Structure formats: structure tokens, C-alpha cells
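Please consult the sequence and structure displayed here before reading on.

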Amino acid sequence: MTDDSPARTLSPDEAFELLGNETRVAILRTLGGTEDPVSFSDLRERVGTADSGRFNYHLDRLTGHFVRKRAEGYELRRAGERVVEAVLSGAVTDAPVLERTQIDQPCHFCGAPVAVRFREERVELYCTECPGSYSRTSSPTESGTDAPGGYLGYHPLPPAGVADRDPEAVFRAAWFWGHLELTAAAAGVCPRCSATLDRSTRVCEAHDAGAGLCETCGRRYAVAFDLSCTNCIYDESGAAPVGLADSGALVGFLLDHGLNPFAPTAESLPRLNRAFHDVTERVVSTDPFEARFTFAVGDDRLTLTVGEDLQVVDAERA
Ligand SMILES: [Zn+2]
Ligand SMILES: [Zn+2]
Ligand SMILES: [Zn+2]
């Protein structure tokens, strides 16, 4: 590895300011589409700036942090590649639409078919029969058009992930994408920027989810976690069992049953989904916090005992 790191990092203000210019964005996009370094004149021609002096000024501003100058020409640094990747992940030719569509996937609670819908870079999941995991209803703009009971949660997916896939494949891609993100987040690494995440747990002390959802907290599980990045704007929260995605004991248990969460297939996904969601929860103590989560695959059980911040303190199979 050669050390040609920029002399210093940019502040967020500087980075936004640098990118707020058409020519500079065009330079990044052009370099993002080439394998080899591009010479100054070639790059200027491709970007289409007639004025060489002006072009030089803009290229110069990018060089260091976003662009690297080598003897052979200019190329993107990793930061420049990330800008282009971020733009392309959301910039598909047509904004993809996936209206609520029933797919051939069973609800992990009741077995009824689920429906998926794509909105705001999320694949939302709804059960067509049971109350789902959260008592969230849809946005007010939609009330009356369909009663979106049975909300089961969502998986993040950039718009590019919807293109060229049927609804079943969108769901699989979203599950996989979300699981990778979740595993990083559960391990305390921000899936957007890699910085440290702050994590806290919440417990509904009056929890009663006998009928499916608790009236006090509106959730199926009493324990929820909240994550927020110490550096970027990433934040996330969810039910405790999914916050245990990085547990080696859990991953080992799933793999022993032929369930690889890092390579879900059409066949394994219903069982994987069920393993992560049909979990028995027992809050042992709130101060200090301790809870037990029992995962099941077939007749086999794995119980994870967790303490503060959802750290696994014991794992037991039965
Ligand atoms: Zn259901
Ligand atoms: Zn509750
Ligand atoms: Zn972050």
C-alpha cells in the first residue's frame, strides 16, 4: 500500500461546499465511469468544459480528498468513489414503484402470506392476516385507500435494488441487504460510515403482548434497542432479537440447521425469517437489565441471555 493520503481530512462543511458545483460533480461522475487514470485534456473533453483555466480550478479543488493525481492521469480516491456510489444507488432512471403486493412468503407469526411494498428506500412487510410486530399504521396520506394493519417491519433497500427484480426477489435482496447492515450495526460498527455506534436498550415494564401486540408500547417484544452513530446521521431501532444478529452462538445455531443468514435462498428465507422473529422473550430483571431470548429451529432451541446493551452473557442449546 502506498501512502498518499490527503494531508488532512475535510470538515463536513468543506465537503458539501466542494460538491456543490456542476463541473466538479461531472468530474467525479466521469472518473467513476473509467477504469484507468484519465489525462487532464481527455478529462476536460469528456466533461465538456471549454475553458481550460476554469476546468483546472475545479479539478484542483477536488484533487486531494476526492481525486488523486498520478503520473498517468487523474482517478477517484475512495472518497470520490463513495460519492459516486451513493448517487448511483439512488439515481435510477425511473423511480421504482412497488405497490403493496402479496408474495409467496409466510408471515413469521401466523403463516399467512405477506405483502411487500417499496417506499422511501425501504421494503415494508405486512401480514395479510395477523397484527404483525408493530402497531404502526401507514402515513395519513394513505388512510382510507388501504388499511395497512399487520406491519411486520422493513428492510432497507436503495432504489437500484428494485430495478429488474420481481417482488419476491426484491424481498430477498432487501432481507440480505438489511441483514448485512444489521450485523454490522449489532456489532457496534456504523453500516454507513464505520464509526462507533451508541446503543441503548428500552424495556416496556408493563408489557402484555398476549393478543399479539402490547397496548402500552405497541410492540410484540418488551425489549427494544436504539442505535445512533457517533459520526454520521445513521440511527436505527428495533426489537431485541434482531439486535442479536452478530451473536456467534446464534450464527452457529442457524448454520447447524442449514440456515445461512449471509446467503439466503428462496427456500431458506421463510425459515430464516421465522428464526429471527418467532422468538420467546423473558425479561429476568430490569435493574440490572437481564433478559433471555429463545430462538427455535424445528425442535431445537438456543437461549441467549443478554445483559446491558444486549451483550450476550450466556448461550445454551436444548
Ligand atoms: Zn401474520
Ligand atoms: Zn409493552
Ligand atoms: Zn455513521
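## A buried threonine

T23 counts as buried because its relative accessibility is 18%; buried means under 20% relative accessible area, exposed over 50% and partly exposed in between, with a 1.4 Å probe and protein chains only. T23 belongs to helix α2, which spans residues 22-32. Helices (H or I, at least four residues) and strands (E, at least two) are DSSP runs numbered from the N terminus.

Leaving aside residues up to four places away in sequence, T23 touches V47, T49, F55 and H58. Contact here means heavy atoms within 4.5 Å.

## Basis of the model

The model is predicted: local features need pLDDT of at least 70, side-chain atom pairs count only at pLDDT 80 or more, and totals for chains, interfaces and linings use all residues. Residues are numbered from 1 along each chain as its sequence is written, chains are lettered from A and ligands numbered from 1 in the order in which they are written, and side-chain values use heavy atoms, with hydrogens and water left out.

## Zinc ion (ligand 2)

C204 (SG), H207 (ND1), C214 (SG) and C217 (SG) coordinate the zinc ion (ligand 2) at 2.1 to 2.4 Å. Donors are N, O and S atoms within 2.8 Å of the metal (3.2 Å for Na, K and Ca); water is not among the atoms, so sites may look incomplete. The site is tetrahedral, with angles of 97 to 119° among its 4 donor atoms; four donors count as tetrahedral if all angles lie between 85 and 135 degrees.

Along the chain, the donors of the zinc ion (ligand 2) follow the spacing C-x2-H-x6-C-x2-C. C204 and C214, 10 residues apart, both lie in the loop between β7 (197-203) and β8 (223-229). C204 is buried, with a relative accessible area of 10%, and C214 is buried as well, at 4%.

## Zinc ion (ligand 3)

The zinc ion (ligand 3) is coordinated at 2.3 Å by C190 (SG), C193 (SG), C229 (SG) and C232 (SG). The arrangement is tetrahedral because the 4 donor atoms subtend angles of 102 to 114°.

These donors follow the spacing C-x2-C-x35-C-x2-C along the chain. C229 counts as buried, at 11% relative accessibility.

Note on methods. Four donors count as tetrahedral if all angles lie between 85 and 135 degrees; four count as square planar and six as octahedral if opposite donors are over 155 degrees apart and all others between 65 and 115; anything else is irregular.
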